[in-house]
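The sequence and the model are shown below.

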Amino acid sequence: MPGRVPGFRLPFSALLANGKKSLVEKVLANPKWPESWPYSKDDFSRMDESDDAIFYDQPRLVYHIDDPAVSALTEYYASCFKDGQNVLDLCSSWVSHFPKEWKGGEKVIGLGMNEAELRQNPVLTDYIVKDLNRDPTIPLDDDTFDIVTCVVSVDYLNKPLPVFKEIGRVLKPGGQCILSMSNRCFPTKAFSIWLQTSDLEHIFIAGSFFHYSGLFDPPESLDISPNPGRSDPLYIVKAKKKQQQQ
């Protein structure tokens, strides 16, 4: 099935000569967002609509990207994190890939689906077991976190708009949400439009969630793939919460 994103018109032919890294970084450089939320309910349907608690019941103590991609993500976090910051790791598990030398703030919280995984995560000061597809609210206070992370999991959130509004609510003004994405997924649990679209369109889709929440500055995208063509690709889509809400 050909990929498509509603209202998305990326000038591929004009960008291809600059190489894929430039393509990734240019996807969100000047996006032409449709005026209103362009997605349908079907776009977020999944092959397996059974209770997610069943799917995530058994701990998966494995990496979901390969070792070079993990190292690239940790190195990227090291360039962004500052000691003493409060961080919320969404769709968290037994590992968050944060830098070993980083000293977190009072709150380094993981929100995920499997308690056995979360309990083993050594960087967390606390954790929350919750299915955001059942209830997209985040049970934490406003303006609490300096950074929110989400590692290769945005494609599993079937209610992204309310989730991103919640991310904006719990971030401090000027705080940053960092999404990392690759080309791996559990296809039965990824939402439909993700499976129908390319890596570049995934970047646009993820960026659109920030845009339509109305709470963030324009999103940016980066290619931090460590060994293009030889290991897992890794892309960053990030945005900062607006300093002042209109």
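Two strands are said to pair if DSSP finds at least two bridges between them. Helices (H or I, at least four residues) and strands (E, at least two) are DSSP runs, numbered from the N terminus. The model is predicted, so that local features need pLDDT of at least 70 and side-chain atom pairs count only at pLDDT 80 or more, while totals for chains, interfaces and linings use all residues. Residues are numbered from 1 along each chain as its sequence is written, and side-chain values use heavy atoms, with hydrogens and water left out.

## Strands and their partners

Strand E6 covers residues 220–223, and strand E7 covers residues 235–240. These two strands pair in the antiparallel sense over 4 bridges, and Glu220 stands opposite Lys238 of E7. In a regular strand the side chains alternate between the two faces of the sheet. On E6, Ser221 and Asp223 make up the covered face, whereas Glu220 and Leu222 make up the uncovered one.

Strand E1 spans residues 87–90. Its pairing with E2 is parallel and runs over 4 bridges; Val87 has Val108 as its bridge partner in E2. E1 also pairs in the parallel sense with strand E4 (residues 145–151), again over 4 bridges, and there the partner of Leu90 is Cys150. Which residues lie on the two faces of E1? Val87 and Asp89 are on one side and Leu88 and Leu90 on the other, and all of them are buried. Here buried means under 20% relative accessible area, exposed means over 50%, and partly exposed is in between (1.4 Å probe, protein chains only).

The table lists residues with their relative accessibility.

| Residue | Relative accessibility | Class |
|---|---|---|
| Ile203 | 0% | buried |
| Ile109 | 6% | buried |
| Tyr39 | 7% | buried |
| Phe44 | 8% | buried |
| His97 | 10% | buried |
| Cys80 | 17% | buried |
| Cys91 | 27% | partly exposed |

Ile109 belongs to strand E2 (residues 108–112). Its C-alpha atom is separated by 5.4 Å from that of Leu124, 15 residues apart along the chain. Ile203 is placed in helix H8 (residues 199–213). Between Ile203 and Ser180 there are 23 residues of separation in sequence and 9.8 Å in space, C-alpha to C-alpha.

The loop between E1 and E2 holds Cys91 and His97. Neither residue is a glycine, yet Cys91 has a positive phi of about 55° and His97 has a positive phi of about 65°.

A disulfide is a covalent bond between the sulfur atoms of two cysteines. With the criterion of a pair of cysteine sulfur atoms within 2.5 Å, the structure holds 0 disulfides. Cys91 is therefore in none, because its nearest cysteine sulfur, that of Cys150, is 4.0 Å away and the cut-off is 2.5 Å.

## Aromatic rings

A pair of aromatic rings is described by the distance of the centres and the angle of the planes. Rings of Phe, Tyr and Trp (its six-membered ring) pair if their centres lie within 6.5 Å; planes under 30 degrees apart count as stacked, over 60 as edge-to-face and the rest as tilted. The structure holds 20 aromatic pairs. In one of them, Tyr39 and Phe44 have ring centres 5.6 Å apart and planes at 75°, so this pair is edge-to-face. Tyr39 and Phe44 also belong to one aromatic cluster, whose members include Trp33, Trp37, Phe164, Trp194 and Phe216.

## Cavity and pocket

Lining residues have an atom within 4 Å of a point. Grid points are joined across faces, edges and corners, and a volume is the space filled by probe spheres set on the points.

How many cavities of 30 Å³ or more are there? The count is 1. The largest cavity has a volume of about 40 Å³, and among its lining residues are Val152, Asp155, Ser180, Arg184 and Trp194. 

The second largest pocket holds about 220 Å³ of space. It is lined by 13 residues, of which Thr74, Val95, His97, Phe98 and Lys100 are the closest to its centre.

Notes: On a 1 Å grid over the protein atoms alone, a cavity is a set of points where a 1.4 Å probe fits but cannot get out, and a pocket is an open set with protein on both sides within 12 Å along at least five of seven lines; lining residues have an atom within 4 Å of a point.
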